[in-house]
Structures are given as structure tokens and as C-alpha cells.
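The structure is shown first.

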Amino acid sequence: MTIAVLTRVSLSSSIKSYPTDLRDHLERSATSCSLRNRRLPRKVHKNCGAFSATAMADLVRSTVLVTGAGGRTGQIVYKKLKERTENYIARGLVRTEESKEKIGGADDVFVADIRDAQSIVPAVQGIDALIILTSSVPKMKPGYDPSQGGRPEFYFEDGAYPEQVDWVGQKNQIDAAKAAGVKQIVLVGSMGGTDLNHPLNSLGNGNILVWKRKAEQYLADSGVPYTIIRAGGLQDKDGGLRELLVGKNDELLKTETKTIARADVAEVSIQALQFEEAKFKAFDLASKPEGTGTPTTDFKALFSLTSERF
């Protein structure tokens, strides 16, 4: 009896800062070990004692799947998660074996077609959170000569139109994650969705922002805790050097601060998993130019700046 009480008290005091559901699970497991200790050999006691050192470490880490992990922003998110082993168990999802090899070819990278709902299922099993970074990509038609003036023309490959990738593909991901019991979904989209005449919609006649917006609405209506990040113009620059700005309804597009580094988008995507203030929110994201303002480090405060649900 003494062993059971001491084990439970010790464990409770060490995990009192953990979320309630995790705390309860750990305490039940510890109590189970204590009860078995009263009737099992000494060597089994050691196995139960190892619970707090190994199982607890795994339980406090979140398993996070990044889809679109082969893309320029997705690669950054996946790499950041892999570097933060004390908090996360990273997984990636890419479209081809070539993309898998490009990001290291690890066993935690799954190859799947997001347009095929069943192909996503193995990747989402057992995950705690999903970060969606998949997107259709318009391609420039050959033959464009800048010296001749005019604008280039774009097209989407067959089967890779925004309706198929940004709507059906993202809907499939949301459905699969919800069925797997995921605790949060972070969806990275683009600013401009309130304007049907936005230039991005005309690329390849794909209406890309229309379909992205539809997927965002589907996520907001899913019942799963979500964070929708509508990023401004993406730049391939170092992150952590600028003051980040949140907005709504594309208001930032009317200002001079309507771009953001991919690395900052990646960081905000991960930080959104850590704060309740980021859940059930949708916001535009941009940054001040480097050298103006104060680089953002308090992400809880950043998420608290908005209360917009969509």
C-alpha cells in the first residue's frame, strides 16, 4: 500500500503542469504499476519504474504530420520539427519518392496522393496534430520572352488544378485527420481570398484562392480545433528577424507590409500547436521590413491579437 501511495504522489507532483488528459493517463498508468508491484517479482518492479523515464517522455511529445513536406515552406517546417525532439515526433508526407529523397528519405516520410483519400490514412494514424502545406502550383507556358513585353501565361497540369489539390486534397486530409482523432489542424493558405478578382485566381483560370477558401471553411466547420494562417507574399529569407503582423479580411494587402519570410510562416505554424490562444482562429500573417519594429518572440501574445474564427 505504501508503494502505491508514494508512486502516485511522486508522479502527481512531477506532472501537475501537464494537460489534464495526459496527467490522468500517467497517474492511471503509475497506479497500475504500483498495484502490480505488490504481487510481482522484483525484476518487474524495475520495468514499471522505467515508465516515468521512457513512456512519460514519449507521451509528452506530440506526433505532428507535415503535408507538402517537400515544398519550400514544408521543408522548413519538417526540419524545425525534427530539430525539436524534446517536444515533437515529426512525420512528413510528400507526393513522390523523389521528394522523399530530397528531404532525407527517412522512414517517417510517407508518400501519398492527397487526391486519393485512402492513400493518406497510414500517415495520419497516431498523430496528434496536422500541418497542411500542400498547394497546387501553376506552371509558366513555354515561349515567354520578357524582352517582348506582355505577361507570361500559366497553366496547371492535368489532375493538379486547384479544385483537385486545394479543395479535394485538403478536404481529404481534414477528413482523414478527424477520423484519426487528431487534436489540432494548422492550415497554411494565402491572403487575397476575399477578392474574387485577385490576380492569383486568373492564373491558369484555376481560381486558386476560391478553392483554398472553400477548404478553410470546411476546416472551420469540421469541429476539430484549427488554426488557419493566410500568409502574405512568401519570401526566401531567414526567419526570426522581423516583427510579425496579424490581420483579417485582407486588410494587410492594402498596406506596405504584405510579405513574410517562409521561415517565419513555418515558425508560426509550429508555435500554433503550443498555445490555446491559437485555436479556433483564422488570420492573415505578414511582417514589417527587417530593421523596423521588434522581432516577434512572444507568440502567445501574437495569437492573442486576434479573435477572428474565420
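S269 is buried, since its relative accessible area is 0% (buried means under 20% relative accessible area, computed with a 1.4 Å probe on protein chains only). The model is predicted, so local features need pLDDT of at least 70 and side-chain atom pairs count only at pLDDT 80 or more, while totals for chains, interfaces and linings use all residues. Residues are numbered from 1 along each chain as its sequence is written, and side-chain values use heavy atoms, with hydrogens and water left out.

S269 belongs to helix α11, residues 262-271 (helices are DSSP runs of H or I with at least four residues, strands are runs of E with at least two, and both are numbered from the N terminus). Leaving aside residues up to four places away in sequence, S269 touches I131, V186, V188 and I229, where contact means heavy atoms within 4.5 Å.

## The sheet

Eight strands form an open sheet in the order β3-β2-β1-β4-β7-β8-β12-β10, and the pairing is mixed; two strands pair if DSSP finds at least two bridges between them. The edges are held by β3 (109-111) and β10 (244-247), each with a single partner strand, so one side of each lacks a neighbour in the sheet. On average, neighbouring strands of this sheet are turned by 25° against each other, direction ignored.

## Helix α10

Helix α10 (residues 208-220) has 13 residues and spans 19 Å from its first C-alpha to its last, close to the expected 18 Å, a value given by 1.5 Å times one less than the number of residues. Its buried residues are I208, L209, W211, K212, R213, A215, E216, L219 and A220. They pack against the elements tabulated here.

| Element packed by α10 | Residues |
|---|---|
| α8 | 162-179 |
| β7 | 184-190 |
| α9 | 199-202 |
| β8 | 226-231 |

α10 lies across β7 and β8 and runs at about 160° to β7; axes are lines fitted to C-alpha atoms, for helices over the stretch in contact, and angles run from 0 to 180 degrees between N-to-C directions.

The axes of α8 and α10 come within 8 Å and cross at roughly 15°. That makes α8 roughly parallel to α10, a term for angles under 35 degrees. Among the residues making this contact are W167 and I174 of α8 and W211 and L219 of α10.

How values were computed:
Buried means under 20% relative accessible area, exposed over 50%, partly exposed in between (1.4 Å probe, protein chains only). Angles under 35 degrees count as roughly parallel, over 145 as roughly antiparallel, 65 to 115 as roughly perpendicular and the rest as oblique.
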